[in-house]
Amino acid sequence: MQKRLKNDFPGEAEFCADKRIAALIGENGSGGDKRGLMIKILRNIIENELSQRQRQMIGLYYFSRMNIPEIAETLSVNRSTVSRTISRGRRNIMEKMKYFI
């Protein structure tokens with residue numbers, strides 16, 4: 001049986017990660033050079049560090065602003081699959097972004 005770590009449970013850290021990613025993706029171009037650099041880093045991480053499935057679902061969730069049931073229906077997968085995949089992708093993004101934030 002696999003031992004669960006603290007980070008295996010969604011909670012405050014994941015909520016904060018979601019808000020940070022959404023803020024970087026959703027805001028307009030204001031904020032200067034640092035914000036522009038952060039967006040480039042974020043896009044690079046999404047393109048190069050995530051699995052194809054994570055990239056697809058993260059893109060639909062953040063860029064296309066689809067909710068989890070809509071993504072599940074579009075991709076013909078279970079809602080829990082979408083939720084887990086987005087959560088893992090978000091965790092991967094924040095793991096890489098921690099060096100820049």
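Predicted model: local features only at pLDDT ≥ 70, side-chain atom pairs only at ≥ 80, totals over all residues.
Residues are numbered from 1 along each chain as its sequence is written, and side-chain values use heavy atoms, with hydrogens and water left out.

**Colour by confidence.** The mean pLDDT (the predictor's confidence in each residue, from 0 to 100) is 81 for the chain, and 75% of the residues score at least 70. Select residues 1–10: here pLDDT is below 50, and the stretch has 4 contacts beyond near neighbours in sequence (contact: heavy atoms within 4.5 Å). Among the elements, helix α1 (residues 12–26) has the lowest mean, 70, and helix α4 (residues 68–75) the highest, 97.

**Switch to cartoon.** Of the contacts with a separation of 6 or more, 59% join residues 24 or more positions apart.

**Select 52–63.** This is α3, with 12 residues; its C-alpha span is 15 Å, close to the expected 16 Å (1.5 Å times one less than the number of residues). Its buried residues are Gln54, Met57, Ile58, Gly59, Leu60 and Tyr62 (buried: under 20% relative accessible area, 1.4 Å probe, protein chains only). Step just past the helix to arginine 65, which takes a positive phi of about 60°.

At the start of α5, a side-chain oxygen of asparagine 78 lies within 3.1 Å of the backbone nitrogen of serine 80. Helix α5 (residues 79–97) has 19 residues and spans 27 Å, close to the 27 Å expected. Its buried residues include Val82, Ile86, Arg90, Ile93 and Met97. Residues three or four places apart point the same way, because an α-helix has 3.6 residues a turn.

**Zoom on valine 82.** Beyond its neighbours within four places in sequence, valine 82 contacts Met57, Ile68, Ile71, Ala72 and Val77.

**Finish in the core.** The largest nonpolar core has 20 residues (buried Ala, Val, Leu, Ile, Met, Phe, Trp, Tyr and Cys joined through side-chain atoms within 4.5 Å). Those with the most contacts inside it are Ile46, Ile58, Ile71, Val82, Ile86, Ile93 and Met97. Helices α1, α2 (32–49), α3, α4 and α5 each give two or more residues to this core.

Technical notes: Helix = DSSP H or I, 4+ residues; strand = E, 2+ residues; numbered from the N terminus. Buried < 20%, exposed > 50% of the residue type's maximum accessible area, 1.4 Å probe, protein only. Polar contact = N/O pair within 3.5 Å; in protein donor to acceptor, adjacent residues only side chain to side chain.
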